[in-house]
Amino acid sequence: MAREGGWGALLYACCISPLFYLRLLSRRATGREQYLTWSVRCGYPSLSRPSGPLLWFHAVSIGEGMAAIPVIRRCIQARPIVNILMTTSTVTAHSLLEKCLPPGVLLQFAPVDTPLAVERFLSHWHPQAAIFMESELWPNLLLASALKGTPLALLNARMSAKSFERWSLPPAQSLVAAMLLQFSLITPLSTKEAVRFQILGASPFVIHFAGNLKYACGAGDANKKFGLSLELKNALVGRQIWLAASTHVEEEEAIIRIHQNLSNWLPSLLTIIAPRHPARGHSIRTQLQQQGFDVAQRSQGDPVLTSTDVYIADTLGELKEFYSLAPVAFVGGSLVKGLSGHNLAEAAAAGCVVLTGHYIGHFQEMLLELQKIAPLSVQKVDGEQELLHVLHNLLGKGASLRPRRDAAQFAFAAAADGVVLRVWNVLNSVILDRTFGKAASDASQWLEEDKAFVG
């Protein structure tokens, strides 16, 4: 049953529900919601519920969804009779997760956070336990689940300073306290965020430190065939390459100015831009061509020619492979105030020289951890001019990149070691054993598989 405050908070959540419908309508009007997903977002399922127990994972977007996948794999291995449902809230995340989720995992759009939509969703799926990722605090979804007796966990839990300030204001403070009290398990990203969760009302007895699952996103699949690398390898021979990954509109103008400046010294320079939202690939190409650049676009199958200035990597699910091609990678979402960074682990795992801007939000914890292990693993730059200066030194002066690339890989391996096992163990003992019964498992087997996965 729901813990103290559940009914009153749920009543308040019902009162603010029209705001969530307005948000959904706004997203639909701006093209971020597809017409065909409308009924699912209103709680009407597009899939049948299989018989037997069901474990529900919810992740709002791509990063959170990818962080959940290693834990889902563990559950499939340890508890094959448990059905798994994954929900997400964005079209791009849904498209990528369709390709990346293990076979048999059910994928749906999450319901909008209103009483009717949530009730339709829960009445159809009847999950025995629910796992939320990172910062997913939706009042109706959480409180209605708890009132139905569903055990709840929050993995990779994060609470930014801005969110903390917002939740600390009345009447949001009583609402967030009621939500946090429903969790049986919270695994925060850092001590600082654990303190914020407790100040807002989480019980200290449900908080367990297990590591950052974003490191598991960085680990490669040893069995994957890297066709992309083979395809481009010959075209890139003899070229100076750098990758601007997960970029936003505000950053790309700076990236192009940097390319123009660097190409004065490096006539063979190729800049690869992997936009955070691949659907923007065509508009980026049009803008660059209007400025006179020779552009190739991955989604259109364009080859990289000797005359190509910029290659736009506008596809889903291939970023790790582009990291494997580029010796130097700038991780975007970090160069302009108002942004909050993206996952550094994927670039480090690939052995890139990893660069990031100043505005990295909760990824600051990851940066400090990697730098503590190996100071050369990640370099933070303070704006466009410093990024230009660092890239000029790295690409234009014949400097050896190997020590920095090795440092990045070493730091990643050390930070990622065992994180999936630790998260799985605490989730299994606190939630899954109590919900589905104890499952036969061999911890030493999991540990060996973790080492193979990371290494």
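Predicted model: local features only at pLDDT ≥ 70, side-chain atom pairs only at ≥ 80, totals over all residues.
**Entry 1. H4 and H20**

The axes of H4 and H20 (residues 419–436) come within 10 Å and cross at roughly 60°. The crossing is right-handed.

Which residues make the contact of H4 and H20? On the H4 side I listed Pro-70, Val-71, Arg-74, Cys-75 and Ala-78. On the H20 side I listed Val-420, Val-423, Trp-424 and Leu-427. Sorted by class, the contact of H4 with H20 has eight nonpolar residues, one charged and no polar.

I also noted a general point about helices: an α-helix has 3.6 residues a turn, so residues three or four places apart point the same way.

**Entry 2. H4 and H5**

Next I stayed with H4 (residues 62–78) and turned to helix H5 (residues 91–100). Their axes come within 9 Å, and the crossing angle is roughly 25°. An angle under 35 degrees counts as roughly parallel, and H4 and H5 are therefore roughly parallel to each other. H4 passes H5 in a right-handed crossing.

From H4, the residues that meet H5 are Ile-62, Gly-65, Met-66 and Ile-69. From H5, I found Thr-92, Ala-93, Leu-96, Leu-97 and Cys-100. In the contact of H4 with H5 I recorded seven nonpolar residues, two polar and no charged.

**Entry 3. H6 and H7**

How far apart are the axes of H6 and H7? I noted 9 Å for helix H6 (residues 115–125) and helix H7 (residues 139–147), which pack at an angle of about 45°. That angle makes H6 oblique to H7. The crossing of H6 and H7 is right-handed.

Pro-115, Val-118 and Leu-122 of H6 make the contact with Asn-140, Leu-141, Ala-144 and Ser-145 of H7. I sorted the residues of the contact of H6 with H7 into five nonpolar, two polar and no charged.

**Entry 4. H7 by itself**

How many residues of H7 are buried? I found nine of the nine, so H7 is largely enclosed by the rest of the structure. The buried residues of H7 include Pro-139, Leu-142, Leu-143, Ala-146 and Leu-147. Asn-140, Leu-141, Ala-144 and Ser-145 are also on the buried list of H7, and these four make the H7 side of the contact with H6. Just after H7, Gly-149 takes a positive phi of about 85°.

His-126 is not a glycine, yet I found a positive phi of about 45° for it. His-126 lies in the loop between H6 and strand S4 (129–133). Is His-126 buried, partly exposed or exposed? I have it as partly exposed, with a relative accessible area of 45%.

Ser-246, also not a glycine, has a positive phi of about 55°. I found Ser-246 in strand S7 (residues 240–247). Ser-246 is buried, with a relative accessible area of 7%; buried means under 20%.

Pro-171 is placed in the loop between helix H8 (161–167) and helix H9 (172–180).

**Entry 5. Ser-307**

Where is Ser-307 found? I placed it in the loop between strand S9 (295–297) and strand S10 (310–312). Ser-307 counts as partly exposed, at 37% relative accessibility. Ser-307 and Leu-270 are 37 residues apart along the chain, and their C-alpha atoms are separated by 9.3 Å.

**Entry 6. The whole protein**

Last, I looked up the totals. The protein has 21 helices and 13 strands. Of its 455 residues, 55% are buried. Among contacts with a separation of 6 or more, 71% are between residues 24 or more positions apart. The protein exposes about 19,500 Å², and carbon and sulfur atoms supply 56% of that area.

Note on methods. Residues numbered from 1 in each chain as written. Heavy atoms only, no water. Helix = DSSP H or I, 4+ residues; strand = E, 2+ residues; numbered from the N terminus. Buried < 20%, exposed > 50% of the residue type's maximum accessible area, 1.4 Å probe, protein only. Contact = heavy atoms within 4.5 Å. Areas by Shrake-Rupley, 256 points an atom, 1.4 Å probe, with all protein chains shown as cover. Axes fitted to C-alpha atoms, helices over the stretch in contact; angles between N-to-C directions. Parallel < 35°, antiparallel > 145°, perpendicular 65-115°, else oblique. Left-handed = near helix turned anticlockwise from the far one by under 90°. Nonpolar A, V, L, I, M, F, W, Y, C, P; charged D, E, K, R; others polar.
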